[in-house]
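Student: Could you take me through a close look at one part of this structure, the surroundings of the ligand, and then show me how some of the helices pack?

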Amino acid sequence: MSRSEELFERGKTVLPGGVNSPVRAFRAVGGTPFFVARAAGARLTDVDGGTYLDYVCSWGALILGHAHPVVLDAIRGAAAAGWSYGAPCESEVELAEAVRRRMPAVEMVRFVNSGTEATMAAVRVARAATKRNVLLKFAGCYHGHADGFLVKAGSGVATLGLPDSPGVPAALAELTVTVAFNDAGGVEDLFRRRGAEVAAVIVEPYVGNAGFIAPDAGFHETLRALCDRHGALLIFDEVMTGFRVAAGGAQERLRVRPDLTTLGKIVGGGMPVGAYGGRADLMRLVAPEGPVYQAGTLSGNPVAMAAGLATLRETERPGFYETLGRRTARLVAGIGDAAHRHGVPVTTGHAGSMWGQRAYRCRHRLHHHTTRRGAGRSARSLALSRSPGPVGGRNHRRSLPGLSRSCASGSLPARPASRWEAMASCSSPTTRMASPSDRSRPVRPGRS
Ligand SMILES: Cc1ncc(COP(=O)(O)O)c(C=O)c1O
């Protein structure tokens with residue numbers, strides 16, 4: 001028994017599923033999760049000495065890779081001055097200013113400890129400001145694990161094939177209404193019927209939690225216009241896209257100004273940080289300036305703020321996002337070509353350094369592999385897999401000319417017909433590429 005297997009067995013007796021976040025248990029991809037001993041740059045090393053090229057990088061939090069020396073120095077420096085004060089400190093103000101510089105729509109910001117906390121609080125502000133209760137979200141989008149978000153959610157909820165979670169009171173779930181992402185007509189229809197009840201539309205501006213799906217041209221402009229027309233607020237959940245798809249996040253790339261923005265992952269440089277912010281008149285509703293209560297013992301933690309600041313400063317180096325975007329394009333093309341060579345139909349897409357892929361198999365040829373389990377296993381070698389979700393939008397275009405070799409029916413359409421079954425999708429928010437020296441080092445194959 002490997003050390004990872006031993007730890008997993010022990011873990012299962014004291015932690016639900018042996019883990020502290022569901023997808024880490026590898027249920028969708030099979031096998032035993034590896035337990036990490038250490039990580040540096042683009043590499044993870046497990047407790048058995050195996051090394052992995054990490055395309056996940058803490059699910060997008062580590063845009064600079066693991067243990068980046070500048071961030072490490074900032075963390076060491078901050079920790080040496082004490083790591084929790086329960087009182088304000090300078091780095092909170094500095095990080096807030098840095099966020100506002102990069103995202104001008106975030107006129108004021110409140111730091112919290114996770115993306116979930118950020119989205120929960122943003123919705124509370126929106127409900128207080130509009131005096132309405134209904135939240136419109138998109139099927140497959142994930143906004144954290146708070147009650148109102150688990151209706152038709154993506155990420156681990158979809159990976160594990162869970163229905164809307166038990167434990168969420170029906171009365172609360174009824175306040176969340178869903179529409180398909182990119183279905184502008186569906187949103188319009190919903191507003192026509194229930195516009196006076198809708199407090200906010202919350203959206204992952206580029207979907208990363210149902211595979212990667214880019215928005216159709218004009219989709220977010222339509223959301224903006226409908227929110228304005230009906231007096232609802234537009235919340236961009238940039239927990240994944242923030243400081244990733246562009247220096248100023250999706251709102252910069254799409255040139256759409258949301259009322260409220262939620263952040264996580266990169267803003268804390270890999271430490272437990274989330275943030276919500278937006279129009280000053282809305283943020284002034286938050287206690288102590290206003291009546292909307294939200295608080296946190298560890299919020300604005302000095303070590304976490306230092307990690308976030310150091311990370312943002314590194315990404316402000318000239319050419320950072322251009323280089324990252326170019327490397328992502330190369331990586332995505334390489335994965336597509338490799339899949340092609342092996343006769344695996346795959347479509348890929350990316351925005352800046354956020355990318356995803358979806359692999360398919362032909363039902364005609366592989367009808368004996370139709371269980372979810374089989375599907376996950378077939379795809380395991382491609383990447384840490386997320387669930388087969390809805391097939392993406394127009395960005396899923398990189399079809400493979402050699403498909404006719406694996407299925408008699410020819411090339412893969414943008415939206416595959418029913419004979420094509422999505423066997424796995426993976427969206428990775430990270431693209432830190434191995435340096436030439438990284439690439440020359442051996443990697444244990446087939447485990448990541
Ligand atoms: C878009 C989005 N929103 C919210 C969250 C929740 O963030 P956290 O896991 O930090 O609570 C996530 C997590 O992956 C996310 O991708």
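This is a predicted model: local features need pLDDT of at least 70, side-chain atom pairs count only at pLDDT 80 or more; totals for chains, interfaces and linings use all residues.

**The ligand shell and helix packing**

Tutor: Happy to! By class, the shell around the ligand is made up of four nonpolar, eleven polar and two charged residues. The ligand is surrounded by 17 residues, and the closest are Ser114, Gly115, Thr116, Gly144 and Val239. Helix H4 (residues 115-130) gives the largest share of this shell, three residues.

Now to the helix pairs. Helix H2 (residues 69-80) packs with helix H11 (residues 302-315) at an angle of about 155°, and their axes are 8 Å apart. Because angles over 145 degrees count as such, H2 is roughly antiparallel to H11. The crossing of H2 past H11 is right-handed. On the H2 side, the contact includes Val70, Val71, Ala74 and Ile75, while H11 brings residues including Pro302, Val303, Ala306 and Leu309. The residues of this contact of H2 with H11 divide into twelve nonpolar, two polar and one charged.

Helix H7 (residues 184-194) and helix H8 (residues 219-230) form another pair, with axes that come within 10 Å and cross at roughly 5°. That angle makes H7 roughly parallel to H8. Here Ala184, Val187, Glu188 and Phe191 in H7 meet Phe219, Thr222, Leu223, Leu226 and His230 in H8. By class, the contact of H7 with H8 has six nonpolar, two polar and one charged residue.

Methods:
Residues are numbered from 1 along each chain as its sequence is written. Axes are lines fitted to C-alpha atoms, for helices over the stretch in contact, and angles run from 0 to 180 degrees between N-to-C directions. Helices (H or I, at least four residues) and strands (E, at least two) are DSSP runs, numbered from the N terminus. Angles under 35 degrees count as roughly parallel, over 145 as roughly antiparallel, 65 to 115 as roughly perpendicular and the rest as oblique. A crossing is left-handed if the near helix is turned anticlockwise from the far one by less than a right angle, and right-handed if clockwise. Two residues are in contact if their C-beta atoms, placed from the backbone, lie within 7 Å. Ala, Val, Leu, Ile, Met, Phe, Trp, Tyr, Cys and Pro count as nonpolar, Asp, Glu, Lys and Arg as charged, and the others, Gly among them, as polar. A residue is near a molecule or strand if its C-beta atom, placed from the backbone, lies within 6 Å of it.
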